[in-house]
Amino acid sequence: MKHITHTHTHTHRHLLAPIALPALPALIALLALAPLPAFSAPAAPHLQKTGAATQLIVDGSPYLILGGELHNSSSTSRDYMAPHWKRLADANLNTVLAAVPWDVIEPAEGTYDFTMVDDLLAGARAVNLRLVLLWFGSWKNGLSHYAPAWVKADTARFPRALTTTGTPEILSVFSDANRDADARAFAALMRHVREKDSGQNTVIMVQVENEVGLHGDSRDRSAIATAALANPVPAGLITYLQKNRDTLATPLRNLWRDAGFKTAGSWTDILGASPAAEEAFMAWHYARYIDAVTAAGKKEYDLPMFVNAWIVQPSDEWPGEYPAGGPQAHVLDLWRAAAPHVDLFTPDVYLPAFAKICAEYARPGDGFFVPESFAGEAGAANALTAIGRFRGLGYSPFGIETRLTDPIAKDPLARVYALLRQLAPRILEQQTKPAGEGIMAISLDPQNPDERFTLGGYDMRAALFTGWGSRGTPPERAYGLIIAAGPGEFYAIGANLQITFATKDASTDTIGLAAVEEGVFDASGKWTRGRALNGDEIMLSYDFPVQLSQRQTGTGLRFNSTAPSIMRVKLYRYPQAK
Ligand code: DGJ
């Protein structure tokens with residue numbers, strides 16, 4: 001079962017171990033007088049739904065992942081990683097996503113070597129970073145390059161998929177032997193993580209496989225796959241289709257509709273015969289396989305687990321040009337029906353339409369996370385969008401150890417992470433509020449130069465900074481975040497941005513700035529004011545005929561720099577007399 005809210009307690013079996021024998025009689029006497037105190041380690045990291053957000057709970061509190069994913073091979077070498085850990089912590093990350101390759105941990109069948117996992121734990125703990133482990137098992141980017149050699153070489157026992165153009169290095173999803181070998185190894189990994197990390201919670205989440213799906217064809221054409229296509233569609237899927245008939249993703253619903261909304265029959269009977277129907281068939285089977293692997297891992301150590309998706313690219317015309325059967329948005333229904341142990345389906349976003357893709361995955365009530373995307377300025381904007389607009393668990397750009405710029409203090413993502421760290425308790429609290437309350441993120445560029453939204457009862461307009469004193473050419477990118485702090489009071493982060501305020505209702509009132517200050521939150525969470533901002537620092541326009549006709553004061557929040565900062569603003573309202 002998928003666990004959204006649960007707690008674990010682990011007894012400390014070693015508690016009595018250090019007590020020397022002669023002390024035992026005295027201890028027994030003491031125990032007779034006093035009840036044994038209940039020792040329990042912090043609960044394992046888990047997901048918890050609170051209001052509008054599903055959040056990751058670590059050490060008993062909501063946790064915001066300010067992450068970065070290492071390059072694929074980095075995690076396998078302690079020496080390679082040695083210089084990177086501190087740099088990642090210095091860039092204000094709190095979490096590193098690191099691959100655990102199957103071939104490295106199970107070089108011979110049943111013989112495990114977890115040295116690299118222990119090295120990751122030590123490296124991360126030394127600089128107070130948490131880890132999200134990425135299980136590179138049967139598939140990585142759809143391919144089976146991370147299966148151990150004893151699996152790769154034994155094609156009779158561990159069959160490959162077959163496509164119209166040949167046999168790629170892709171394990172067939174239709175083989176129980178493939179699935180069980182993967183599940184055994186993943187379970188061993190999770191057992192090791194529990195033994196080494198339960199109670200310390202360095203590992204906070206796990207990704208199962210990586211960007212799965214078949215390359216080069218819409219379905220596996222091996223004999224076992226062809227036999228499976230003729231099997232009856234499982235009752236579980238039929239029930240899901242019936243229950244969710246009105247909310248199914250349109251392409252899936254259309255397949256079912258065009259085949260006559262049948263409720264019994266083979267895959268071809270239920271969804272027809274087309275590349276899209278074959279893709280759906282593959283999605284179900286990938287999801288069932290990965291659900292079994294996930295369940296085996298959770299049985300050993302029940303951490304939140306997610307599956308990441310290779311996103312369909314604009315040039316892709318058919319399933320197979322992108323990995324067919326992976327958790328792409330249009331087949332997520334099949335994944336949801338088939339993989340109840342998987343907690344989250346997450347997009348790897350390497351396209352500019354970041355918010356559009358997030359929206360396809362951030363279903364209200366489900367948790368949301370972006371495990372791979374851009375670093376740099378785009379990353380800074382995306383991190384705010386994932387966290388502030390889609391109430392995500394966090395954000396993580398790919399290839400982090402080579403994507404941070406020097407000096408690190410000026411890296412755009414490191415700068416935004418520094419501010420998100422300070423604001424994290426407030427962000428996590430305000431994420432739980434319904435849309436339009438609590439929190440909003442802004443990401444703008446010349447194609448999308450401004451945005452209007454409502455927050456905490458105010459109409460707000462965020463725009464590329466073009467205010468008074470600007471150089472006239474709008475910036476290429478602006479981003480920000482605004483968080484409710486009390487009635488008419490907000491914290492905001494911004495870079496290259498201006499924000500103005502108006503009444504939400506149709507009253508004639510104008511919203512002015514009662515006070516604006518910049519500042520920082522110290523480690524204890526106390527706000528320390530920097531400059532009290534006024535005068536030129538709040539002025540956007542002296543064009544009063546225009547400003548007053550729009551019930552504006554000419555003032556607003558000016559984030560006229562690429563270096564983002566935190567401002568606190570208190571608003572007031574006054575009537576416009578004409
Ligand atoms: C997406 C994959 O999930 C990553 O492992 C990596 O291969 C990147 N693509 C490369 O950009």
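What covers the buried residues of helix 10? The points below take up that question and then other sites in this predicted model.

1. Cover over helix 10. Helix 9 (235-243), helix 11 (267-271), helix 12 (275-300) and helix 13 (332-338) are included in what covers the buried residues of helix 10. Those buried residues are Leu252, Leu255 and Trp256, in a helix that spans residues 250-258. They lie on the same side of helix 10, because the arc they cover around the axis is only 95 degrees.

2. The other face of helix 10. Thr250 and Asp258 are exposed, and they sit on the face of helix 10 turned away from its buried side. Just after helix 10 comes Gly260, with a positive phi of about 95 degrees.

3. Asp291. This residue belongs to helix 12, which is one of the elements covering the buried residues of helix 10. Asp291 has 5% relative accessibility and so counts as buried, the cut-off being under 20%. If its neighbours within four places in sequence are left aside, Asp291 is in contact with Ala338, Ala339, Pro340, His341 and Val342.

4. Ligand shell. Around the ligand are Asn72, Lys140, Asn141, Asn210, Glu211, Asp348, Tyr350, Glu372 and Phe398. By class, this shell divides into 4 charged, 3 polar and 2 nonpolar residues.

5. Polar pairs at the ligand. An N or O atom in the side chain of Glu372 is 2.6 Å from an oxygen atom of the ligand. For Asn72, a polar side-chain atom lies 2.9 Å from an oxygen atom of the ligand. Lys140 also places a polar side-chain atom 2.9 Å from an oxygen atom of the ligand. On its own the ligand has 300 Å² of accessible area, and the protein covers 75% of that.

6. Backbone geometry to check. Most peptide bonds are trans, and most residues other than glycine have a negative phi.

7. Pro407. The peptide bond from Asp406 to Pro407 is cis, with omega near -10 degrees. Pro407 is in the loop between helix 16 (400-403) and helix 17 (412-431).

8. Asp59. Phi is positive at Asp59, near 55 degrees, in a residue other than glycine. Asp59 is placed in the loop between strand 2 (53-58) and strand 3 (61-63). Its relative accessibility is 36%, so Asp59 counts as partly exposed.

9. Arg551. Although not a glycine, Arg551 has a positive phi of about 55 degrees. The loop that holds Arg551 runs between helix 18 (544-549) and strand 19 (557-559). With a relative accessible area of 27%, Arg551 is partly exposed.

10. Ala355. Helix 14 (residues 354-361) contains Ala355. At 25% relative accessibility, Ala355 counts as partly exposed. Which residues is Ala355 in contact with, leaving aside its neighbours within four places in sequence? They are Thr385 and Phe390. The C-alpha atoms of Ala355 and Arg389 are separated by 8.5 Å, and the two residues are 34 residues apart along the chain.

Terms used:
Residues numbered from 1 in each chain as written. Predicted model: local features only at pLDDT ≥ 70, side-chain atom pairs only at ≥ 80, totals over all residues. Heavy atoms only, no water. Near = heavy atom within 4 Å. Polar contact = N/O pair within 3.5 Å; in protein donor to acceptor, adjacent residues only side chain to side chain. Areas by Shrake-Rupley, 256 points an atom, 1.4 Å probe, with all protein chains shown as cover. Nonpolar A, V, L, I, M, F, W, Y, C, P; charged D, E, K, R; others polar. Buried < 20%, exposed > 50% of the residue type's maximum accessible area, 1.4 Å probe, protein only. Helix = DSSP H or I, 4+ residues; strand = E, 2+ residues; numbered from the N terminus. Arc of directions from axis to C-beta. Contact = heavy atoms within 4.5 Å.
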